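Biologist: Could we go through this model together? Please give me the terms as we go.

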Amino acid sequence: MTTTEAAGRTATERTATEKATSPADKVTAGPRDGLRLLCDDPRIADDLPWGEAHAVFDAAPDVAGIVSRQDLEDWLDCSLLHYPVLNAMRGGTPVPPEALTRVMHVSGDPRAGYVDGAKVRFQLAAGATVVVQNLHEWHRPAQHLCRRLAQLFSAKAGAVAFWTRAGEDGLRVHRDDGHLFVVQISGTKRWYLYDTPRDAADWSPGYVEDLSSAQTVDLRPGQVLYLPEGIAHHTRTLDTESVHVTVAIREPRLRDTVELAVRACLARIPDHATLSGTGAEREQTADELLTRLAEALGRVDRAALVRDLSRRAAETRGSR
């Protein structure tokens, strides 16, 4: 047996035996189970167009109350939030850190970067959108929800809060690299939705230009807007200020799949092994190596590979 073949077989067998009894693998669910957790009426989850089109539904009570308006006030006045966990955007441009933060003296030592509530409120009144990142890391309700969703979707899950005054736009038209669940906490926000990409090769995350007319959705407190991965969108707050939380679900990437499979096949090739000899000899060695690699990839246990990717995604903290 060649080195590459042994590596592929050993890694696959190890994955199959070690992961099969992992607690995380016992949660073999899917998108429908995650949708049921989010819906006020779990029965409608079976009719939601996962991955194909946007949808609006009523949030489950725990989801609708994941963050309150008072939470935001408390975080400004009585917390240790640090930039960029709390940041702000105006017209698609980041507000400078010094316009949001202050120096705090800790045991007599000056420490910069702590959120200044008065400065943040000034920026909010001036039209900025206040963004509170990584709720899944430090806000208990968001942490519980995201951990459960990560298991059910076998994906990374993270939550971010957005606070915007009345009559203001959010970011410019853009695409996100994940499925989004927008939970409206207070106020009404109008969403402008453009297209739903059918193929990953047809789009990339970030700002986009020159799109056709948009469909609009007015999202009200207690509702959830589902946006499939990659759908272009932007927002505008209507007659009252808006607070919403976006829960992002990012499934394992195809690139991650390839990388994990190749890494397993190469696990037994020593790091110090070299490509030596004449140019012709090196080409021959490379050809033999790549041939063996292709053969080893063909024998990789697909089920074990998918289980491993799903477990890794569900256990990864954060949405990116």
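Modeller: Let me begin with a convention: a crossing is left-handed if the near helix is turned anticlockwise from the far one by less than a right angle, and right-handed if clockwise. This is a predicted model, in which local features need pLDDT of at least 70 and side-chain atom pairs count only at pLDDT 80 or more, while totals for chains, interfaces and linings use all residues. Residues are numbered from 1 along each chain as its sequence is written, and side-chain values use heavy atoms, with hydrogens and water left out.

Biologist: Which hand does the crossing of α8 and α9 have?

Modeller: The crossing of α8 and α9 is right-handed. Helices (H or I, at least four residues) and strands (E, at least two) are DSSP runs, numbered from the N terminus.

Biologist: At what angle do α8 and α9 pack?

Modeller: Helix α8 (residues 254-265) and helix α9 (residues 279-298) pack at about 115°, and their axes are 10 Å apart. That makes α8 roughly perpendicular to α9. Angles under 35 degrees count as roughly parallel, over 145 as roughly antiparallel, 65 to 115 as roughly perpendicular and the rest as oblique. Axes are lines fitted to C-alpha atoms, for helices over the stretch in contact, and angles run from 0 to 180 degrees between N-to-C directions.

Biologist: Which residues meet there?

Modeller: From α8, Ala 261, Val 262 and Cys 265 meet Leu 293, Ala 296 and Leu 297 of α9; contact means heavy atoms within 4.5 Å.

Biologist: Changing topic, where does Ser 107 lie, and is Ser 107 buried or exposed?

Modeller: Ser 107 lies in the loop between β4 (101-106) and β5 (109-115). Its relative accessibility is 75%, so Ser 107 counts as exposed. Buried means under 20% relative accessible area, exposed over 50%, and partly exposed in between (1.4 Å probe, protein chains only). Ser 107 has a positive phi of about 50° although it is not a glycine.

Biologist: And what about Ser 154?

Modeller: Ser 154 is buried, at 17% relative accessible area. Ser 154 is in the loop between α7 (140-153) and β7 (156-164), and its phi is positive, near 50°.

Biologist: What joins Tyr 83 and Pro 84?

Modeller: A cis peptide bond joins Tyr 83 and Pro 84, with omega about 10°. Pro 84 is in the loop between α4 (69-77) and β2 (86-90).
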